[in-house]
Amino acid sequence: MGWIRKRPDRPTPWRAGYRGPDGREHSRAFGRKVDAERWLRDELQKQDRGLWVDPSAGAVRFDEYAEDWFQGLVLKPKTIAGYRSLLDSRILPTLGPVELRRINPDFLRAWVAAMAADGLSASRMGQAKRVVSAILAQAVDDGLIGRNPAETVKVPKTRERDQRYLTAEQVTELADAVEQRMPGGAPLVKLLSYGGLRWGEAVALRSNNVDVLRRHVHVRESATLVNGKLVWGPPKSHRSRTIVIPAFLADEMAPTLSGDRLVFTSSTGQALRSPNFLRRVWKPAVADLGLGDLVPHDLRHTAASLAISAGASVKAVQRMLGHSSAQITLDRYTHLFEDDLESLAESMDARYAAAQVRPKRTSEGVSDLSEKARKVDVPRVS
């Protein structure tokens, strides 16, 4: 049980308190009775629901706890850099000096509204909120706060960019346009379009991971640009894979393979960097062909489209793209498989029609041949 007392001689005359599960008495002073009642009611409900924690435990500042959380992260360098950027630019300037126990949903909603007023994109706001939520979730696990106040806070929905798909003819045209601006660029475009590699996987591909005779490409490494430097590591989700490329592509790549050198490089023989490639090669080529806002990642979607139109199964597409599950492949490309369902239905209809002309069995078990079949003279064998 709790209590509320009035002390007229104090600036905050209303004081509410209760005895916590730890056996100690906890209390707070308020200027209004209604605020004292609300606080006491919330504290008692936390006890009933098993969410109560010692209020003094959450007295640590958000920035102090966030730094400890950040130091314990084990993620890819690019992700780490992204979190650091969000903490420094969007999270700590507002939440940093606030104690964990003082952060509530209303406070976070005001923080989101301020980011929106600054013109921050929905995607960036969503990323910032996810980082804050992860930090506060850890604080819950550590017993510093009773619940995660970010769970009920919403941010504007991110509008996903429509997937783009090129036809095989468009891939050839784009490869030629890229080749004109970067010798050796045509096989890169075709590998992205027919092999489904991510940009970082193609950039990191080495000659000794290409088996021309078997047409195998072993995807074992990826390159990511972090703070202006290329960082080498395993592919996304740490999943290596082997894909099989068309014969024409293996033939085109063969002359460029040598030892363990990178397959695709800049004119100076260095690893490709996406900003330079986009500015000097990709965007001019795309503009010349009138392909609008096409980006290199669209060639990965193109690979899925070309594979599915060629009859590939969901599992085959999953393995080619390196998705962790077939469900991810279906979620992204279900609409492409719908055409296959129509073809399947037509095939099943044809099989059903063919089955209807089979000879019928009579009651004696002898085939009841059609009138046309009876008129056929069958030569006797003596």
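**Salt bridges, strands and a charged patch**

Arg181 is partly exposed, with a relative accessible area of 30%. The model is a predicted one, so local features need pLDDT of at least 70 and side-chain atom pairs count only at pLDDT 80 or more, while totals for chains, interfaces and linings use all residues. Residues are numbered from 1 along each chain as its sequence is written, and side-chain values use heavy atoms, with hydrogens and water left out. For accessibility, buried means under 20% relative accessible area, exposed means over 50%, and partly exposed covers what is in between (1.4 Å probe, protein chains only).

Salt bridges come next. The structure holds 17 of them, a salt bridge being a side-chain nitrogen of Lys or Arg within 4 Å of a carboxyl oxygen of Asp or Glu. Arg181 makes one with Asp288, and the closest N and O atoms are 2.1 Å apart. Since Arg181 sits in helix H6 and Asp288 in helix H10, the pair ties together parts that are 107 residues apart in sequence. Helices here are DSSP runs of H or I with at least four residues, strands are runs of E with at least two, and both are numbered from the N terminus. Asp288 counts as exposed, at 55% relative accessibility.

Arg164 is partly exposed, its relative accessible area being 24%. Arg61 and Asp63 also form a salt bridge, with 2.6 Å between the closest N and O atoms. Arg61 is partly exposed at 35% relative accessibility, whereas Asp63 is buried at 18%.

On to the strands, where two strands pair if DSSP finds at least two bridges between them. E2 and E3 are antiparallel partners, with six bridges, and Gly17 stands opposite Ser27 in E3. Five residues separate the strands in the hairpin of E2 and E3, where Gly23 takes a positive phi near 85°. Asp22 is in the loop between strand E2 (14-19) and strand E3 (25-30). At a relative accessible area of 33%, Asp22 is partly exposed. From Asp22 to Leu166 it is 65 Å in space, C-alpha to C-alpha, and 144 residues in sequence.

Strand E6 (residues 222-226) and strand E7 (residues 229-233) are paired in the antiparallel sense as well, over five bridges. Thr224 has Val231 of E7 opposite. The hairpin that E6 and E7 form has two residues between them, and Asn227 in the turn has a positive phi of about 50°. Asn227 counts as exposed, with 71% relative accessibility.

An open sheet is built from three strands in the order E4-E5-E8, with antiparallel pairing. At its edges are strand E4 (210-211) and strand E8 (241-244), each of which pairs on one side only. Strand E5 (residues 216-219) is joined to E8 by four bridges, the two running antiparallel. Val219 stands opposite Arg241 in E8. In the loop between E4 and E5 sits Arg215. Most residues other than glycine have a negative phi. Arg215, although not a glycine, has a positive phi of about 60°, and with a relative accessible area of 32% Arg215 is partly exposed.

Finally, there is a patch of negative charge on the surface, where Glu338, Glu342, Glu346 and Asp349 gather. Patches are made of residues with over 30% relative accessible area and no salt bridge; like charges are joined within 9 Å, and nonpolar side chains (Val, Leu, Ile, Met, Phe, Trp, Tyr) within 5 Å. Asp and Glu count as negative and Lys and Arg as positive, while His and the chain ends are not counted. The place of a charge is taken as NZ of Lys, CZ of Arg, CG of Asp or CD of Glu. The areas come from the Shrake-Rupley method with a 1.4 Å probe; for residues, only the protein chains shown count as cover. Glu346 belongs to helix H13 (residues 326-355) and is exposed, with a relative accessible area of 57%.
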